[in-house]
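Biologist: Can you walk me through this model? Keep it simple, please.

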Amino acid sequence: MARRETAAGPGSRALVVDLIRSSGPISRVELTEITGLTQPSISNIVRRLIADGVVRETDHTVSTGGKPRTLLVMNSRALFAVGIQLGTESAVGIAADSTGGVFGRQRFAGAGTDEPGRVVHRLAQDYRDLVAGLGLDESRIAGLSVVAPGPIDLVRGTLLGPPSLRRWHDFPLREALSDLIEVPVLIDNDSAAAALGEFWSRQVPRGSTYACVYMGAGIGGGIVSEGSLYRGASSNPAELGHISVEIGGRACFCGNRGCLERYAAPPAVVATARDDEALVAELGLDPHDDELAFDTLARAAVQGHPGALALIEASAQLLAEATLTFANLIDIDRITLAGWGFAIAGSIYARAIGDALRARAFARSAHLVQVELSSNPRDSAAVGAAALILQSSLAPGHGPRPARRTDLGMRH
C-alpha cells in the first residue's frame, strides 16, 4: 500500500498520479481511502490533473448502491517524451506516450570514436527526424533524455565514463544538446533509467520496493521506492558490475579489482569464447561486435550447445550471487532483468537468480522476491529515458527536472 499522507502537500500530486498510473481505472473514493488525503484534497488534485490533460474520466462507472463512481485513467496522449540510449556502436531513440507506451522507435549510429561535438549535432538531427517521422507536434513533447553507462554527473549533465566513452569525459552533453533543440534536456544513467522505465510501463505499484538489473556492455542496477529512483549521493548507486567477485582479480577501469562485470558481462563472456578457436569457428562468432557475438553465444546456449551453455551458465551464476547480495542489502520484493544481455538467454539468467533468491535470500521467510524478464530488453534504457521525462513532467517532485536552454544560459 502507498504511504499515507494526511494533508495535500508538494508530493500529493505525484502520489495521485502514481496511483492512477499503476492502479487505474480507479475512483476518487478509492484514491481518498488509499492516500489518507481528505476528499476535498483529492477532488482538487484530480480537477487540476483533468484540466492539465494528464488524467481523464472513463465512460465506465462503478455502482456501490449509491451514486455511481466515475473512474479515472491516465490520458495516454497528454504529452510525449523522447529518450535516447547512447552506446558506442549504436543508439536507440524511443518516443513514448504518457503511460510509458512506445509510440515510435528508431535506431541511430552510436558515439563510436567520433569527436563528441559532431555526435551531438548528429543526435540533435536524429531527434528531429524521429519527431518529424512520427508526425508529432513538438509543443506536445515534454523533453529529451539521453542515457549512457555511468558514472555520470547529473548536476552538470556530463558523462564520467566508462572507457568505451572515454572521449566524453566531462563533455557538457546536456548544455551542448540544449543549444541545438528547443525542448528541455536531461542526461542520466542507463541502468537507473531502465529501472524507472520498467516501473512506469509495467504499472508497478508505488508501494513496491522495486529493482532492475541491467546488463549490456556492463552490469548495473536501479532501485525505485515510493515511486522515486533511489539516487544516492551522486546519482550513481547500485553499480552491481563493480561488486568484487574475486579478491585481487582482474583490474577494472573503476579502480577496483575482481569486478563482476570483468567476468560476467557480455564483453567478458565473449572474450573468453574468442580464446577458444574451435568454438569461434563452430559458432561463427563476430570478431568485432560484442553484442552480435554474445547474441550468437546466447542463442547456441538456449539450443543446448555444451560450450556456449557452460559460458552463459557461469555468467548467470556469478550474476545470481551479486543479485542475492543486492536483494539482501535493499530488501527488494520485485526485480526485472533488462538490457540486451538478457534478450536471448534471459531465461537462463532468470532461473539462476530466482533459484538463488528462493534458497538463500535473507528475508525469504517474510516474502518472496519476484524475478521477471523485461518485455523489451534491448530498448529498456531508451524507454526509461523517456519515462524520466514523463515522471518529471506528470508527477514532479520525484527527481531532477530536465534543463531548458534558458536555465543553462542563466548559469554562464
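Modeller: One term before we start. Buried means under 20% relative accessible area, exposed means over 50%, and partly exposed is in between (1.4 Å probe, protein chains only). This is a predicted model, where local features need pLDDT of at least 70, side-chain atom pairs count only at pLDDT 80 or more, and totals for chains, interfaces and linings use all residues. Residues are numbered from 1 along each chain as its sequence is written, and side-chain values use heavy atoms, with hydrogens and water left out.

Biologist: Is Cys212 buried or exposed?

Modeller: Cys212 is buried, with a relative accessible area of 0%. Cys259 is buried too, also at 0%.

Biologist: New topic: helices. At what angle do H8 and H10 pack?

Modeller: About 70°, with their axes 9 Å apart. H8 covers residues 266–274 and H10 covers residues 290–302. Helices (H or I, at least four residues) and strands (E, at least two) are DSSP runs, numbered from the N terminus. Axes are lines fitted to C-alpha atoms, for helices over the stretch in contact, and angles run from 0 to 180 degrees between N-to-C directions.

Biologist: So are they roughly parallel or roughly perpendicular?

Modeller: H8 and H10 are roughly perpendicular to each other. The cut-offs are under 35 degrees for roughly parallel, over 145 for roughly antiparallel, 65 to 115 for roughly perpendicular, and oblique for the rest.

Biologist: Which residues make the contact?

Modeller: From H8, Pro266, Pro267, Val269, Val270, Ala273 and Arg274. From H10, Asp290, Ala293, Phe294 and Leu297. Contact means heavy atoms within 4.5 Å.

Biologist: What classes are they?

Modeller: Eight are nonpolar, none polar and two charged. Ala, Val, Leu, Ile, Met, Phe, Trp, Tyr, Cys and Pro count as nonpolar; Asp, Glu, Lys and Arg count as charged; the others, Gly among them, are polar.

Biologist: Where is Thr272?

Modeller: Thr272 is found in helix H8. At 38% relative accessibility, Thr272 counts as partly exposed.

Biologist: And Ala278, buried or exposed?

Modeller: Ala278 is exposed, at 56%. Its place is in helix H9, residues 277–283.

Biologist: How many residues does H13 have?

Modeller: H13 spans residues 380–394, so to speak, and has 15 residues. From first C-alpha to last, H13 reaches 20 Å, close to the 21 Å expected at 1.5 Å a residue. The expected span is 1.5 Å times one less than the number of residues. H13 is mostly covered, with 14 of its 15 residues buried.

Biologist: Now the backbone. Which peptide bond is cis?

Modeller: The one from Gly150 to Pro151 is cis, with omega near 0°. Pro151 lies in the loop between strand S7 (141–148) and strand S8 (152–153).

Biologist: What is the phi of Ser235?

Modeller: Positive, about 65°, although Ser235 is not a glycine. Ser235 lies in the loop between strand S13 (228–229) and helix H7 (261–264). Ser235 is buried, at 8%.

Biologist: And Ala238?

Modeller: Ala238 has a positive phi of about 55°, and it is not a glycine. Ala238 lies in the loop between S13 and H7. Ala238 is buried, at 17%.
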